[in-house]
Amino acid sequence: MPGTWNPNGDGISAVFAASLDPKRFNPRIVSYPADYGRTVPYVDSLVAGRKALIAAIEESPRRVVLAGYSQGAAIAGDVAASVGGELAQIIACALIADPLRPTGKCLGADPGGYGIAGQRDVPDVPTYWAAAPGDPITALPAGNPLRSIADLSAYFSLSSPQAALRWGQSLIDVATRRQLQRWWSPQYWRSWSGAVAFARGYLIDGRHTDDYIRYGHAKRLAERLNAEVARGALRGRA
């Protein structure tokens with residue numbers, strides 16, 4: 001499952017797929033809108049991606065490892081968490097820059113923080129995370145104000161008056177249902193100054209993009225899967 005605005009795959013997804021052992025894996029990109037408000041709101045893109053991924057799992061004659069980058073990681077992780085225990089052909093899950101990465105879950109050194117949209121565990125499927133230091137999508141401190149972006153933009157779209165109205169209603173719903181992450185709590189005040197650095201990391205410094213290739217995070221995640229399959233660690237779920 002590729003990332004936002006790359007419905008047919010991207011550099012990170014390509015590097016990850018190319019690093020899988022071709023004798024054991026047959027990578028397949030599952031296409032979906034991969035949008036974030038240009039024409040389709042994020043929440044609708046997630047729904048479409050989930051349907052596409054489940055359909056691909058059901059059509060596969062082989063055992064399946066779910067994998068995703070960024071928005072694609074949110075989808076793959078959610079599917080693994082919700083139906084992984086029911087579909088025995090899902091033997092593992094590999095997530096790159098997951099916006100719902102739980103605290104402390106990461107191959108290699110822990111970059112700290114957790115996903116910008118919160119935390120989601122995957123209890124019934126062996127799951128491996130890759131997270132780059134400074135990436136606000138997957139390694140954001142608890143008290144960072146950037147969390148409001150995830151809380152308030154799920155329905156964002158200005159593609160039509162109806163879409164804008166829907167987004168406005170979602171803002172009211174989030175506030176009235178108290179679904180906002182409490183980054184403003186006094187216990188987090190000292191960390192607010194980091195918002196600019198994390199925003200720069202996303203917009204300019206490539207913490208969410210280039211770093212996954214530059215520092216080998218995507219490749220190492222694939223190599224971990226190669227090793228797990230080679231030693232038979234995942235066969236028990238087949």
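Analyst: A pocket is an open set of points on a 1 Å grid over the protein atoms alone, where a 1.4 Å probe fits, with protein on both sides within 12 Å along at least five of seven lines; lining residues have an atom within 4 Å of a point. A volume is the space filled by probe spheres set on the points, which are joined across faces, edges and corners. This is a predicted model: local features need pLDDT of at least 70 and side-chain atom pairs pLDDT 80 or more, while totals for chains, interfaces and linings use all residues. Residues are numbered from 1 along each chain as its sequence is written, and side-chain values use heavy atoms, without hydrogens and water.

User: What volume does the second largest pocket have, and which residues lie nearest its centre?

Analyst: Rolling a water-sized probe over the atoms shows where empty space is left. Here the volume is about 810 Å³. Of 34 lining residues, Asn-26, Pro-27, Arg-28, Val-64 and Val-65 lie nearest the centre.

User: Which element gives the most to that lining?

Analyst: β1, with 6 residues. At least two each come from α1 (11-18), α2 (42-59), β1 (64-69), β2 (90-96) and α8 (217-230). Helices (H or I, at least four residues) and strands (E, at least two) are DSSP runs, numbered from the N terminus. By class, the lining has 25 nonpolar, 4 polar and 5 charged residues. Nonpolar covers Ala, Val, Leu, Ile, Met, Phe, Trp, Tyr, Cys and Pro; charged covers Asp, Glu, Lys and Arg; the others, Gly among them, are polar.

User: At what angle do α2 and α3 pack?

Analyst: Packed helices are described by the angle between their axes and the distance between the axes. For α2 and α3 (71-83), that is about 55 degrees and 9 Å. The two are therefore oblique to each other.

User: Which residues of α1 and α8 meet?

Analyst: Ile-12, Val-15 and Phe-16 of α1 meet Ala-218, Lys-219, Leu-221, Ala-222 and Leu-225 of α8. That contact (heavy atoms within 4.5 Å) has 7 nonpolar, no polar and 1 charged residue.

Terms used
Axes are lines fitted to C-alpha atoms, for helices over the stretch in contact, and angles run from 0 to 180 degrees between N-to-C directions. Angles under 35 degrees count as roughly parallel, over 145 as roughly antiparallel, 65 to 115 as roughly perpendicular and the rest as oblique.
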